[in-house]
Amino acid sequence: MKTIVAQVAYPVRKPSTDNNVRLIRLATLPLINYDNIQYYGTIEIGTPPQKFTVLFDTGFLRSLVEHNKYDSTRSSTYLPGNDTFNISYASVNVSGYLCNDNIIVSHRQVAALRKKIIVMATIRIPLYKTSSDEKFLAKTMARLRSDTANVSLINYDNLQYYGNIEIGTPPQTFKICIDTGSSDLWVPSKDCGVSQPACLKHNKYDNTKSNTYVEDGVTFNSSYRDGRVYGNLSIDNVRIGGLKVTSQIFGEVFKFSTEFWDWSQCDGVLGMGYHDFKTPTVFQNMIDQGMVTPIFSIYLNRNYEDSHFGGELLLGETNPSHYVGEFTYVDVSRKEYWQFKMDKIKVKNHNLCAKGCQAIVDMGFSKIGGPPREIAALKRKINVTTDRVPCDDDYIYSLPPINFVIGGETFQLNGKDYILKVTENICILAFQDNPINIYMEWILGDVFIRRYYTVFDMKDDRIAGLNVSFHTFGEITNFATNFWDSDGVLGMGYADLSHFNMPNVFQHMIDEQVVSRPIFSFYLNRYPV
């Protein structure tokens, strides 16, 4: 047997500094040649990934798993199906049942969610996970069509999501954290003293170098959970995702009374909350200037460790390639944060927020926060006594589900969702005490958004959430043949060949824009060893 390389042409969109150029990158997949009779490669299914060797078959559509056996109980992204199947072809007769989970082919994750919404214009901001910031800093803006734009964002250890914006003429570039729990845009000023670590390590705005800068003359300070930032308001052009917002008011920060920004990967913050009518937000100005409709949505990839693609923020609409079914809408109860009434939280036989409570969705918060007494009760129910927990898969999968009931619908988080893996050996519980607040009790941060596609609708003042769905494949329970040397089959044929009556893996990759063109190709070595 000999390992060869098959350039199964998965051409992937790559960020570019040229607004009119799309670069194509091929994902390569090694195949094994078994005596010129079978060619098979490795795919991964589930979270954490379970590996399988599968035949690549253009005469068959679906993906099947046997040999190395798929264990649904070990995958936190598994969703059961209700249908069984029986397939006969060549010398093979297999039967089993259908289920749903993430599938990774050549390091490209396949997962899908769908819904249709009528929109006018959009900005598409994909979020990426990477171990190296430099990989994306020079390649962050690429216009795809006249009504869409692409900005690469970086996921920093599931703690911060940030991307590049530009301020001024000529543009000065800044790494900006996306925060739905605030409404201000600010960046460090050139007048920020280098004696402050936050000023020393971050990019700083120099108004003397921008010919579109206008002095505002008003001072400001913004409060965060662990301190404040102080500065002056200024006016300049802001470019986000290739679209230019003119005469935007923003903050130049010259003092930090918090250590958070000393280690933060972001230079500043782009607030996506409601504006106070005195200082319109960047998003409100984009609406007022006719660039986008008053809606934005967030999708975060749960398998950030296994996939280059970390998620997506869309300004102006939802992304019809990332969700399926109907959204659950809840009205905004207080137009400052994205705040709503939560029905209750169920942990085993115990109810928290039993009579209903106020909550917010906050992308600027990496965990889930709640009243200290209820967080303590939650920890007791899941039998976690400290914030740091073992990084053992069996332990994490054994933790009970926590159900958030919103708008009458249940949004469930499992142990894999609410345990954050910071390093290989450090795992922490993603629940923490929230300071007592008469207006809101619970904060649903990135932990919740990673599990549920979330829509923020400023037109109708409502929030929507939707469960993810995953690629459907077959688990074999009956195998009436001795033919197979591989674990299963990955079908690459047209949908008419499907025994399951649903899109195949490659079609999902096309629909989710994991690949940029609907083509694939093979190279097979004629000389087995």
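User: Before the surface total, how are the accessible areas worked out here?
Analyst: Accessible areas come from the Shrake-Rupley method with a 1.4 Å probe. In this predicted model, the accessible surface of the protein comes to about 22800 Å², and carbon and sulfur atoms account for 49% of that surface.

User: And how many helices and strands are there?
Analyst: The protein has nine helices and 42 strands, while buried residues make up 56% of its 529 residues.

User: Switching to Ser-210, where is it, and is it buried or exposed?
Analyst: Ser-210 lies in the loop between helix H2 (197-201) and strand S19 (214-224), and it counts as buried because its relative accessibility is 9%, where the cut-off for buried is under 20%.

User: Which residues is Ser-210 in contact with, leaving aside neighbours within four places in sequence?
Analyst: Those residues are Gly-168, Thr-169, Gln-172, Tyr-205 and Asp-236.

User: You mentioned Thr-169; what kind of peptide bond joins it to Pro-170?
Analyst: That bond is cis, with omega at about -5°, and Pro-170 itself sits in the loop between strand S16 (160-167) and strand S17 (172-179). Most peptide bonds are trans.

User: OK, backbone angles next: what is phi for Ser-247 and Cys-353?
Analyst: Ser-247, which belongs to strand S21 (residues 243-256), has a positive phi of about 55° although it is not a glycine. For Cys-353, phi is near 50°, again a positive value in a residue other than glycine.

User: Where is Cys-353, then?
Analyst: Cys-353 is in the loop between strand S29 (350-352) and strand S30 (357-361), and it is buried, with a relative accessible area of 4%.

Technical notes. Residues are numbered from 1 along each chain as its sequence is written. This is a predicted model: local features need pLDDT of at least 70, side-chain atom pairs count only at pLDDT 80 or more; totals for chains, interfaces and linings use all residues. Side-chain values use heavy atoms; hydrogens and water are left out. Helices (H or I, at least four residues) and strands (E, at least two) are DSSP runs, numbered from the N terminus. Buried means under 20% relative accessible area, exposed over 50%, partly exposed in between (1.4 Å probe, protein chains only). Contact means heavy atoms within 4.5 Å.
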